[in-house]
Each structure stands twice: as C-alpha cells, then as structure tokens.
Amino acid sequence: MAKNGFVFEAPEPVSIPVVDSSERFPVRRVYCVGRNYVAHVREMGGSEDRDPPIFFQKPVDSVVQDGAVVAYPTMTNDYHHEMEMFVALKSGGYNIPSAEALDHVYGYGVGFDMTRRDIQGSGRPWEIAKSFDQSCPVGPISTVESVGHISSGNIKLTVNGKATQESDLNLMIWTVPEIIANLSNFFELKAGDIILTGTPHGVGPVKTGDVLVGTIDKLAPLTIHVGSNAA
Ligand code: MN
C-alpha cells in the first residue's frame, strides 16, 4: 500500500537529541576522519608524517542512539571500538577557509566509529570494515551556545568500567577547523552533516555483553551495550 506518495512507508528521518532542548538535530550525512592522533597512527603501524586527512562516510541509518543495544556484527571476529568527538554542522559550503570553519559548527558530541578490524586490514576499500549497520553510535549534541568550541580536554572510553582509551583532544593531528576546510574541498558540506574527528590510541576488541561508555569534558556521555549476534 502506498504511503504518503511513496510506494512503501519511507524510513524515519535520522536525528540526534540536543542537550537541554526538545528539538532534535536532523542528520544529512556522516563523515569520519581516519588516523588523526599520532599515538593511534603508531599503534596501527602507520607513518607519523602529517599526511592529508583520510575521509570516509558511514550511512546515515548506521547512526545508533545513546543507550542502545548494538548487535555484534556479522562477518568479523575482531569488532573494535573507536572513541571519537563528532562535530555537527548548521551550515556548510565548498572550499570553506579554516578561519571561517567554526562559524558552521552547531555543536559537539561523543561518537563511536565501530570497526570490523579484521576486514579493515585487507587492503581493500574500508566500506565493509567501517560502514556497516549500527556502526555509528552517537550521544546527544551540546551546542556551541552552551559549551563553546571544543579543541582540548579529556577524551576517554571505558569498557565494563575499565579505561581502554584516554587522551586529550589537543593531540589531534588535524584540528576541527582544518578538517572542515579540507573536507569541504571534496564535498559540499551542508547543515545536518556530522564529522567524527578520529580516535586516540587504545582501540581494542569488544564482545557480547560489554558496556561502552565514552566521555569528553563538557559533553554529554555516550553509552552502548554490545548485544548478541546480528545474524
Ligand atoms: Mn575512527
């Protein structure tokens, strides 16, 4: 049966709650930055040069809300956490100068770039390693109005109460304005885009039953539970 002019019911728009607001942030696209902290580049066996940022996308419907149970994905035996800060944009454009980049930021939040690590190392494109179902848990957005711009501060992930990743946002290789400027050379950024800004060192495997809690100074925390196998 056709629904509102569609041949079947259209999927619900994906959105993220905003701290201290009844309104939600509608998500247009999810971008991610790879290899953006030196100690993580080192643990992955990469070079420590300041290479151009690596970008990839996750599907918008891979977004998972705070507090959710995330199924253990198919086709991996090495499902990893990557704890990251994300930036949420209220506007965009092409070729944004880094000096103007922060004018486009609506707010910041805690995100996880969940990864099939055993597939990522295959030398093939990262799509099935990074962009699978439920691969992008995100916490509520704190607005620039309420917390200002975030460029330093503790970033930490605990698994079952034990810290696995801990660093400082000021150790990013590419800063938030530089990321926005660089990404806007390749894509027209728009309101509703979020950008995960890379993970610090300490990535590692998780298993069914684990509880992941990500915290960043000044921002709302993100908790997820790893559930049983997706299929
Ligand atoms: Mn990542």
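**View 1. Helix H6 and what covers it.** Helices (H or I, at least four residues) and strands (E, at least two) are DSSP runs, numbered from the N terminus. H6 spans residues 176-183, and six of its eight residues are buried, so the helix is largely enclosed by the rest of the structure. The buried residues are Val 176, Ile 179, Ile 180, Ala 181, Asn 182 and Leu 183. Buried means under 20% relative accessible area, exposed means over 50%, and partly exposed is in between (1.4 Å probe, protein chains only).

The model is predicted: local features need pLDDT of at least 70, side-chain atom pairs count only at pLDDT 80 or more, and totals for chains, interfaces and linings use all residues. Residues are numbered from 1 along each chain as its sequence is written, and side-chain values use heavy atoms, with hydrogens and water left out.

**View 2. The manganese site.** Which residues coordinate the manganese ion? They are Glu 82 (OE), Glu 84 (OE) and Asp 113 (OD), at 2.0 to 2.2 Å. Donors are N, O and S atoms within 2.8 Å of the metal (3.2 Å for Na, K and Ca); water is not among the atoms, so sites may look incomplete. Along the sequence, the donor residues follow the spacing E-x1-E-x28-D. Glu 84 lies in strand E8 (residues 83-89), while Asp 113 lies in the loop between strand E9 (105-112) and strand E10 (115-116), so this pair ties together parts that are 29 residues apart in sequence. Glu 84 is buried, at 0% relative accessible area. Asp 113 is buried too, at 1%.

**View 3. Asp 113 again, now in a salt bridge.** Side chains of opposite charge can pair when their charged atoms come close. A salt bridge is a side-chain nitrogen of Lys or Arg within 4 Å of a carboxyl oxygen of Asp or Glu. Lys 130 and Asp 113 meet in one, at 2.9 Å from N to O. This pair links distant parts of the chain: Lys 130 is in helix H4 (residues 127-130), Asp 113 is in the loop between E9 and E10, and they are 17 residues apart. Both Lys 130 and Asp 113 are buried. A network of salt bridges links Lys 58, Glu 82, Asp 113, Arg 117 and Lys 130.

**View 4. Two further salt bridges.** The whole structure holds six salt bridges. Asp 193 forms one with Arg 28, with the closest N and O atoms 2.8 Å apart. Asp 193 sits in strand E15 and Arg 28 in the loop between strand E2 (24-26) and E3, 165 residues apart. Is Asp 193 buried or exposed? Asp 193 is buried, at 0% relative accessible area. Arg 28 is partly exposed, at 26%. Asp 210 forms a salt bridge with Lys 207, with 3.1 Å between the closest N and O atoms. Asp 210 is buried at 4%, whereas Lys 207 is exposed at 52%.

**View 5. Aromatic rings.** The structure holds six aromatic pairs. Rings of Phe, Tyr and Trp (its six-membered ring) pair if their centres lie within 6.5 Å; planes under 30 degrees apart count as stacked, over 60 as edge-to-face and the rest as tilted. Phe 56 and Trp 126 pair edge-to-face, at 5.4 Å centre to centre with 75° between the planes. Phe 56 is in strand E4 and Trp 126 in the loop between helix H3 (117-120) and H4, 70 residues apart. Tyr 79 and Phe 132 are also edge-to-face, at 6.3 Å and 65°. Tyr 79 is in strand E7 (residues 79-81) and Phe 132 in the loop between H4 and strand E11 (136-138), 53 residues apart. Tyr 79 is buried at 0%, and Phe 132 is buried at 7%. Together with Tyr 72, Tyr 79 and Phe 132 form one aromatic cluster.

**View 6. Charges over rings.** A charge sits over a ring if NZ of Lys or CZ of Arg is within 6 Å of the ring centre and within 35 degrees of the ring normal. The charged end of Lys 58 sits over the ring of Phe 132, 6.0 Å from its centre. Lys 130 lies over the face of Trp 126, 5.6 Å from the ring centre.
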